[in-house]
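Morning, everyone. Today I want to talk about charged side chains. Please have a look at this one with me.

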Amino acid sequence: MLNPFKKFSRKKPDRRQVTNRRKPVWLEWLLRHRYKGEERRANRRRVNLIDRRLKRKILGLFKKQVLEGLIGLTVSPDGYGVARIVWRGEGEAPVLKNCFFVSSASGSDSTERLALGQTLKTYEMSHGRFAGMLFPGQYTMFPAEAPQVARAELATAMRWRIKDRLDYSAQEAVVDVFDLPQKRSPGQPEMIYVVAARENVVKDCFGLFHMNHLTLVAIDILELALRNLTAMVPDDAEGIGLLYMGRSDGLVQVTRGGVMYLSRHMDYGVDQLLESLAGRADAGETELAASPVVDAIVLEIQRTLDYYESHFSQSPVSSVHIAPLPVLFHGLNTVLADKLGMRLKDLPLHKILEIEAKVDDIDLARCLPAIGVALRREGTG
């Protein structure tokens with residue numbers, strides 16, 4: 001008889017004999033979604049990778065890229081000269097990529113300096129590497145005996161040695177040095193060129209770049225900027241002279257093998273020459289020959305060449321080159337050559353540079369110091 005109080009039960013099958021046993025639900029779900037989960041994770045990794053790459057590209061659009069080459073930026077009383085030089089392979093002429101002159105009534109007016117910054121942005125040059133320059137009158141340069149100290153300490157040591165030659169305190173002076181070529185006899189001290197400028201002059205030069213958020217890498221001087229140009233002329237291997245004339249002053253210098261031997265400053269330039277010709281740039285050779293300014297220029301060239309030959313025991317220079325002038329004087333080269341008794345040449349900018357910039361001859365002359373600064377190479381003085 002069946003016991004109604006006894007729980008219904010049945011005998012459980014032997015699991016070892018069951019071959020088609022159904023898997024638990026949780027195991028079936030895990031097996032079903034395992035591969036989908038791995039696929040989802042792989043897809044997520046791909047999406048994240050694409051997002052990172054896309055983000056880098058977007059950020060790269062806004063990140064400032066350093067402009068190729070070096071930009072020379074010079075400040076003169078009549079405006080700003082800007083030139084960008086890009087060096088190519090060894091043996092190839094450097095390329096003048098940009099060159100323009102921004103006229104100015106005052107080189108120290110902050111409004112004009114900010115306007116210059118806007119001009120550089122227009123030319124997409126504001127994120128380049130810049131080199132500035134000081135003109136004669138903003139510094140003094142003279143030869144001096146080098147002290148017996150390490151090369152890296154020369155500038156610091158010379159600051160106190162030249163204090164009697166400065167018309168301001170040595171503490172206000174920014175001093176640098178570069179080599180003066182000489183034939184030294186035993187016991188003869190080494191001579192160097194010393195360049196000294198007031199600290200506030202250097203700060204004012206730096207201020208132009210700081211105001212416009214420009215990257216300044218060096219501040220040069222006119223003599224070395226022009227040296228960078230003459231060093232590229234083939235005649236420089238045998239020594240060449242250079243006549244440079246700005247608006248109100250100029251200089252005559254001699255270089256050989258890329259080294260500046262001698263430089264003499266002149267207190268007259270294009271404006272004084274124009275004044276001696278009654279404002280006529282198209283004056284004839286007879287009027288040019290009678291100009292006292294032309295006679296003074298000839299005298300400076302002769303003195304410079306004579307001192308170079310006698311003091312440095314060098315053979316005569318192979319030629320004298322005339323740097324481009326911001327005003328064209330017809331027949332000036334012929335008159336100077338006749339008075340000097342030697343041949344004069346124009347500085348061959350179109351041969352030593354590959355000029356890609358659209359610039360006329362007048363602005364090319366105005367920007368000559370900026371071009372020379374832009375030709376500066378790392379490690380040069």
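In which helix does Arg46 lie? Arg46 sits in helix α1, residues 25-62. Helices here are DSSP runs of H or I with at least four residues, strands are runs of E with at least two, and both are numbered from the N terminus.

A word on the source. This is a predicted model, where local features need pLDDT of at least 70, side-chain atom pairs count only at pLDDT 80 or more, and totals for chains, interfaces and linings use all residues. Residues are numbered from 1 along each chain as its sequence is written, and side-chain values use heavy atoms, with hydrogens and water left out.

Back to Arg46. Its relative accessible area is 47%, so Arg46 is partly exposed. Buried means under 20%, exposed means over 50%, and partly exposed is in between, with a 1.4 Å probe and protein chains only.

Arg40, Arg41, Arg44, Arg45 and Arg46 gather in a surface patch of positive charge. A patch takes residues with over 30% relative accessible area and no salt bridge, and joins like charges within 9 Å.

Now the salt bridges. The rule is a side-chain nitrogen of Lys or Arg within 4 Å of a carboxyl oxygen of Asp or Glu. The structure holds 16 of them.

Pair one is Arg151 with Glu190, at 3.8 Å from N to O. Arg151 is in the loop between β5 and α3, and Glu190 is in the loop between β6 and β7, so the pair ties together parts 39 residues apart in sequence. Arg151 is partly exposed at 45%. Glu190 is partly exposed too, at 29%.

Pair two is Arg376 with Asp220. Their closest N and O atoms are 3.1 Å apart. Why does this pair tie together parts that are 156 residues apart in sequence? Because Arg376 lies in the segment after α12, while Asp220 lies in strand β8. Is Asp220 buried or exposed? Asp220 is buried, at 4%. Arg376 counts as partly exposed, at 22%.

Glu300 is in helix α8 and Arg264 is in strand β11, 36 residues apart. Glu300 counts as buried at 12%, whereas Arg264 is partly exposed at 27%.

One last item. Which residues are linked in a network of salt bridges? They are Arg88, Lys97, Glu354 and Glu356. Thanks, everyone.

Conventions:
Patch = residues over 30% accessible without salt bridge, like charges linked within 9 Å, V, L, I, M, F, W, Y side chains within 5 Å. Areas by Shrake-Rupley, 256 points an atom, 1.4 Å probe, with all protein chains shown as cover. Lys, Arg positive; Asp, Glu negative; His and termini not counted. Charge placed at Lys NZ, Arg CZ, Asp CG, Glu CD.
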